[in-house]
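Visitor: I'm new to this one. Could you show me how to read its features, one at a time?

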Amino acid sequence: MSTVVLLTGATGFLGSQIARRLLQEAGCTVIALVRAEDHEAARHRLSRAWWGWPELAGAIGTGVRVLCGDVRVPRLGLHPAAYDALVHKVTHI
């Protein structure tokens with residue numbers, strides 16, 4: 001069974017270190033929740049935050065999926081269908 005982890009705080013130091021550990025696990029996918037205006041801005045923000053860790057930056061789009069959202073708002077600010085899909089996909093937070 002594969003593991004899918006929703007990771008908040010991925011742009012911070014602690015979130016980056018957690019992502020590094022998670023990506024060492026076989027079969028683990030990380031969904032990085034990033035606060036931004038849109039998906040491209042979220043991806044750019046995460047790439048900038050992870051520039052010092054090439055293994056992390058290189059995993060964006062493969063082992064790491066970027067999700068534009070906000071923990072401060074209901075359903076993470078996602079469309080109801082996107083939120084429902086996320087709930088059914090994530091195995092760990």
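Guide: Let's go through a pocket, a residue in its lining, a helix and some backbone angles. Keep in mind that this is a predicted model.

Visitor: Let's begin with pockets. How much space lies in the largest pocket?

Guide: The general idea is that rolling a probe the size of a water molecule over the atoms shows where empty space is left. Here, the largest pocket holds about 160 Å³ of space.

Visitor: Which residues line the largest pocket?

Guide: Its lining is made of Thr8, Gly9, Ala10, Thr11, Leu33, Val34, Arg35, Arg45, Gly69, Asp70 and Val71.

Visitor: Is Asp70 buried or exposed?

Guide: For this you compare the relative accessible area with a cut-off: under 20% means buried. Asp70 has 13%, so it is buried.

Visitor: And what does Asp70 touch, leaving out residues up to four places away in sequence?

Guide: Asp70 touches Leu33, Arg35, Leu76 and Gly77. Its side chain also makes a polar contact with the side chain of Arg72, at 2.9 Å. Sequence and space can tell two stories, too: Asp70 and Val34 are 36 residues apart in sequence, yet their C-alpha atoms are 7.0 Å apart in space.

Visitor: Now for a helix. Which residues of helix 1 are buried?

Guide: Helix 1 covers residues 13-23, and Gly15, Ser16, Ala19 and Leu22 are buried in it. They span an arc of only 125° around the axis, so they sit on the same side of helix 1.

Visitor: What does the face turned away from the buried side of helix 1 carry?

Guide: That face carries the exposed residues Phe13, Leu14 and Arg21. As for the buried residues of helix 1, what covers them includes strand 1 (3-7), strand 2 (28-34) and helix 3 (54-57).

Visitor: Zoom in on Ser16, please. What is its relative accessibility?

Guide: Ser16 has a relative accessibility of 1%, so it counts as buried. Leaving aside neighbours within four places in sequence, Ser16 is in contact with Ala10, Thr11, Trp50, Trp53 and Leu56.

Visitor: Last topic: backbone angles. What should I look for?

Guide: Most residues other than glycine have a negative phi. In this model, Arg75 has a positive phi of about 50° although it is not a glycine. Leu76 is another non-glycine residue with a positive phi, near 60°.

Visitor: Where do I look for Arg75 and Leu76?

Guide: Arg75 lies in the loop between strand 3 and helix 4, and Leu76 is in the loop between strand 3 and helix 4 as well. Arg75 counts as partly exposed, with 43% relative accessibility, whereas Leu76, at 14%, counts as buried.

Methods:
Residues are numbered from 1 along each chain as its sequence is written. This is a predicted model: local features need pLDDT of at least 70, side-chain atom pairs count only at pLDDT 80 or more; totals for chains, interfaces and linings use all residues. Side-chain values use heavy atoms; hydrogens and water are left out. On a 1 Å grid over the protein atoms alone, a cavity is a set of points where a 1.4 Å probe fits but cannot get out, and a pocket is an open set with protein on both sides within 12 Å along at least five of seven lines; lining residues have an atom within 4 Å of a point. Grid points are joined across faces, edges and corners, and a volume is the space filled by probe spheres set on the points. Buried means under 20% relative accessible area, exposed over 50%, partly exposed in between (1.4 Å probe, protein chains only). Contact means heavy atoms within 4.5 Å. A polar contact is a pair of N or O atoms within 3.5 Å; within protein, one must be able to donate a hydrogen and the other to accept it, and residues adjacent in sequence count only if both atoms are side-chain atoms. Helices (H or I, at least four residues) and strands (E, at least two) are DSSP runs, numbered from the N terminus. The arc is that of the directions from the helix axis to the C-beta atoms.
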